[in-house]
Amino acid sequence: MKKFANYIDGKLVPSTSKDYLDNYNPATGEVYSLLPDSCQEDVEEAVAAAKGAFPKWSGLSPEDRSQYLIKIAEAVEQSQAELALAETTDTGKPLWLSNAMDIPRAAANFRFFGHAITQFASESHLVDGVALNYTRRGPLGVVGCISPWNLPLYLFTWKVAPALAAGNTVVAKPSELTPHTASLLSEICIKAGLPPGVLNIVHGAGGKVGQSIVQHHEVKAVSFTGGTATGRKVALTAAETFKRTSLELGGKNPTIIFEDCDFDLAVESAVRSSFTNQGEICLCGSRIYVEEGIYEKFLGEFVKQVDALKVGDPLDGDVKVGALVSQHHQQKVLQYVALAKQEGGHILCGGDRQVVVGRCERGYFVQPTVIADLPNSCRTNQEEIFGPVVTVQSFKGADQAISLGNESSYGLAANIWTSDLKMAHNVSHKLHFGIVWVNTWLLRDLRTPFGGMKNSGLGREGGFESLRFFTEAQNICIKL
Ligand code: NAP
């Protein structure tokens, strides 16, 4: 069976523990590979390698670092087919989606930050006739990057690329559920000639490897994406060493559909924003609010389209919804459906495990599920499910839409559908969400600030925000 390796100091090595964890293909329910069950000693070695590589890497010009990143971007593109299959085998997502989204966006992250670092200028403040201040932004040193399983290579590279571009050296940990593409990235970095120790990848369990990275006194900052409960632990641990953290956490995102919207587009997009990647995207809308005049019409068309989504083998090009990432997660999602019924919800479609005959009969599939008639305050509407489950409610007027949307401890992304631009601005400004999409969903521009309010996180990623996070500002004041 294939055994993945850690990538430390430029070499592929087993964990010092020599132990391995099982890695499942969630579409078949079978263990198909093993990943190192790494421990604190492995993190120590990775941090030492990163520390050793820092002076030379940070001393390169931005243009030279940029060249390495662009080379890695090209290699990711050349390995697209292998990486996409690996991503699908680890996550259960449709192969066409890995090909269309995950891997191209991972390459784009390296290319984007490779270019961005050459354009990253610092500020200067002139007090006429008195003094000149200028800000110098230097890398922090060794930084940690910890990422989740839902968009494995895409989110891993979203952190690693700006950290490296800014001149830091990195110790990174992918999710233990999805180690495959990070492992292939190690091989890509070796082939691309990335100097040893610049990027180190340690596989294993979050409680051991992740925790050791966050605790380490030599790690100057941690960029973390994952659940809100884990993010809280990371923040508490990081506080002990006054570590800088960027926390991209959970969400419970509203999709708000006004009567004057482009109806067909809104329905089609609501299906996509609810069920893309099995609903396992932090930006998926999971609470749909529809203005009362079109509520019944929307329900009819929405449920018809959701019912038509093909669930099944991720290698089948017609499949729209693949397997959930693990049996544990499948159980969690189904428990939420049971809870919704207890809370008085009516299941309009789905609501059960999906049995897929053939190769995937033991896979972790859940039917796309639509639930109506729940109060906004119930647990189903307040807690993150992170699967193919959405609720639908009606509203009367913009004020009620805003108040229903904001009634959440989360504040990651909101989605509005209307042809009234003035109202779109007004509603967007009153919604407490870090990202608002109007008449579109998941349209990304890597230059924009990305992140959540409230329990959805702390800080922003993207463009110069990422580069600012991964650098330390020093002001120099010269008397004129
Ligand atoms: P998670 O359980 O919080 O894990 C995230 C990462 O943290 C994994 O690599 C995990 O390792 C590691 N980890 C676990 N315990 C840790 C600890 N004590 N210290 C340091 N690291 C630790 O999240 P997940 O289940 O992988 O991902 C789903 C969550 O991520 C959802 O809540 C989703 O909304 C959120 N998410 C947010 C964004 C965003 O941009 N805001 C994007 C994507 C996903 P293991 O895998 O070994 O547990």
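Predicted model: local features only at pLDDT ≥ 70, side-chain atom pairs only at ≥ 80, totals over all residues.

Tutor: Residues are numbered from 1 along each chain as its sequence is written, and side-chain values use heavy atoms, with hydrogens and water left out.

Student: OK, what domains does the protein chain have?

Tutor: The assignment gives domain 1 (2–249 + 456–479) and domain 2 (253–445), with bounds that come from an automatic or database domain assignment. Taken over C-alpha atoms, the centres of domain 1 and domain 2 are separated by 30 Å. In the contact (heavy atoms within 4.5 Å), 29 residues come from domain 1 and 30 residues from domain 2.

Student: And what area is buried between domain 1 and domain 2?

Tutor: It is about 2,300 Å², and carbon and sulfur atoms give 59% of it; buried area here is the accessible area (1.4 Å probe) that two parts lose on being put together, summed over both. Ala27, Trp149 and Ser456 supply 23% of what domain 1 buries against domain 2, more than any other three residues.

Student: How many salt bridges are there between domain 1 and domain 2?

Tutor: The count there is 0, where a salt bridge is a side-chain nitrogen of Lys or Arg within 4 Å of a carboxyl oxygen of Asp or Glu. A search of the whole structure, however, finds 12 salt bridges.

Student: Which residue does Lys159 meet in a salt bridge?

Tutor: The side chain of Lys159 meets that of Glu461, at 2.7 Å from N to O. This pair links distant parts of the chain, 302 residues apart, with Lys159 in helix α5 and Glu461 in the loop between β22 (457–458) and α15 (463–469); helices (H or I, at least four residues) and strands (E, at least two) are DSSP runs, numbered from the N terminus.

Student: Are Lys159 and Glu461 buried or exposed?

Tutor: Both Lys159 and Glu461 are buried, and buried means under 20% relative accessible area, exposed over 50%, partly exposed in between (1.4 Å probe, protein chains only).

Student: New topic: which residues are buried in helix α13?

Tutor: In α13 (residues 397–406), the buried ones are Ala398, Ala401, Ile402, Leu404, Gly405 and Asn406. What covers the buried residues of α13 includes β13 (253–257), β14 (285–291), β17 (389–395), α14 (421–430) and β21 (453–454).
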